[in-house]
Amino acid sequence: MASVNVENLSALSAKHPKPANTFTYGTAGFRMNADLLDSVIFRTGILAALRSKKLDGKVIGCMITASHNPAADNGVKLVDPMGEMLEGSWEAHATALSNAQSDEQLVDYIHSMVSSLKIDLTKPANVIIGRDTRPSGVALVNAFVDGLKVLDAKSTDYGILTTPQLHYITRCLNTAGTPEAYGEPSAEGYYKKLAAAFKTLVDGKTKLSPLTLDCANGVGAPKFQEFLPYLGDSLSVKIVNDDIDNPSKLNLNSGADYVKTGQRAPVGLKLTSQDRCASFDGDADRIVYYYQDEDNTFKLLDGDKIAGLAAMFIIDLVKAAGIDSIKVGVVQTAYANGASTQYLRNTLNVPVSCVPTGVKHLHHEALKYDVGVYFEANGHGTVVFSPSALKTIYSAEGSSPAQAVAIRSLRALSEVINQTVGDAFSDLLLVETILTQRQWSPKVWDQAYTDLPNRLVKVVVQDRSIFKTVDAERKLVEPAGLQDAIDAIVLKFRDGRSFVRPSGTEDVVRVYAEAATRSETDELAHRIGGLVFDFNSQGSGLRPREFI
Ligand code: G16
């Protein structure tokens, strides 16, 4: 069995010493203050090389981003060959490598992986790298490349990309020349593919009024600007919050997370009645829409509303195409508004599954359906078409002109939708397609169902790892007794629902609450948040920190 060149590893590892911290590969990889990440990212480079070798030299993607987090944070996530998130069982290896206390432990762990997973170190390894606009990204890419050098992996640095572009390119490279070829492996190839499909979908329809797009002062701004010429006059978009030259502005009072959590428009965007607006997050893998009603009320069209719109449209389209053997299903998380789940189940009559937070869980579940629509309420999601559904769609001919049109739309829809991961650009085009085909304003879209009032609260605690959940994160099993206390409070609220879970991307515990009215919801969220805060100080003997 080939082994690691320990001298080479030690020389490279000496450039990336490990701090005292303990690291965990969380909801979307490692994510924390950028100053702490150097050794973690170096070791993730080693892992990426091992993953590629294990898969016979298939291309593995690496994205350096902290997405919706503050500008000072950064992170890394690995992408598997078909553009999906790193296989779950490898997350534990990522965590173990990042916490090895010495080079000896590092080498031992690599050798244990090589032997237990039967990795042939003589195989080639290929890895591609993308990063968002954070200034810390450049040094972190260098640390990652040093990790790749430990195992002689070949790397290609694609520079600044949105996260979904990196997923797309990874899949293109691994499918090139096969019947599943996904497209040209470049940002340009991605723009061409999406724009061509979108133009087919809106061909002959009256164009909608311009969309105002908040890019969170992140990578979505230059990349969407780059994309616009490919769309030509098929879509008008006014980009705001595009200041990537002031890194501290990234996600600041703007972006999908700010809009969804605060249920308010971002700073830098003047909302007027009936305008159609959307916000990306910092790496452009999430999108939420919103508008202002005639009475100046802010109205959010979040991931749940997008899922409802997409499911409704696809169900109608497969019927119109005469291929309603294709079954649509929807995947949500506990954050989905109760009214959205009822709408999907009772009005659209589609099966709905609930899984833990993290697109990796949703994606996996969605693959069980012919067409799986998955969205987190925060705007992260996509639609996946099974190979057999695609075969049916591409072989159908239709027995009437109307059926032929619907079949053509379904084909284009499968091209406009990023099948690898939630993608804000592609989701934007999906929503714009539906609104254009139906000639709907955001208000008409919003009328599908009325959200139950809901509130998201973050509680900063001393140690979020003591919070353990089950039942797709809807119940806490630790700390003991806390769930009973939550249940007792929830019972007192009409239509009350609340759950508590540790975030996997921020150092906080998240509290979700919904109830019959806005004031009851706010009270419920505050009472549960207060309970978590008090419990954390008394129950665990830990000092409370902050309730925000
Ligand atoms: C990531 C994940 C999402 C998740 C979000 C928040 O999004 O990809 O699936 O919903 O984090 O996760 P948590 O509640 O565990 O902090 P992003 O856009 O930040 O990469």
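**Notes on helix H10 and the cores**

1. H10 is mostly tucked away: 15 of its 18 residues are buried. Bear in mind that this is a predicted model.

2. The length of H10 checks out. With 18 residues at 1.5 Å a residue, the helix should span 26 Å, and its end C-alpha atoms sit 25 Å apart, so the two agree.

3. Both ends of H10 are worth a look. After the helix comes Gly 322, which has a positive phi, near 75°.

4. Now the packing. The largest nonpolar core has 85 residues, and the members touching the most others are Phe 224, Phe 280, Val 373 and Leu 428. Helix H10 (residues 303-320) is the top contributor to this core, giving 11 residues. A second, separate core holds 44 residues, among them Val 4, Val 40, Met 113 and Leu 151.

5. Which residues does Phe 224 contact, once neighbours within four places in sequence are set aside? Phe 280 and Leu 428 are on the list, along with Leu 213, Leu 231, Val 237, Ile 239 and Phe 425.

6. On the domains, UniProt (unreviewed entry) lists "Alpha-D-phosphohexomutase alpha/beta/alpha" at residues 60-93 and 111-177. Residues 60-93 are 15% helix and 35% strand, with end C-alpha atoms 16 Å apart. For residues 111-177 the figures are 49% helix, 19% strand and 34 Å between the end C-alpha atoms.

7. UniProt also places "Alpha-D-phosphohexomutase C-terminal" (unreviewed entry) at residues 456-528. That span is 27% helix and 33% strand, and its end C-alpha atoms lie 11 Å apart.

Methods:
Residues are numbered from 1 along each chain as its sequence is written. This is a predicted model: local features need pLDDT of at least 70, side-chain atom pairs count only at pLDDT 80 or more; totals for chains, interfaces and linings use all residues. Side-chain values use heavy atoms; hydrogens and water are left out. UniProt positions are given in the numbering used here, feature names are shortened, and annotations may be inferred rather than shown by experiment. Helices (H or I, at least four residues) and strands (E, at least two) are DSSP runs, numbered from the N terminus. A nonpolar core is a set of buried Ala, Val, Leu, Ile, Met, Phe, Trp, Tyr and Cys residues joined through side-chain atoms within 4.5 Å. Buried means under 20% relative accessible area, exposed over 50%, partly exposed in between (1.4 Å probe, protein chains only). Contact means heavy atoms within 4.5 Å. The expected span of a helix is 1.5 Å times one less than its number of residues.
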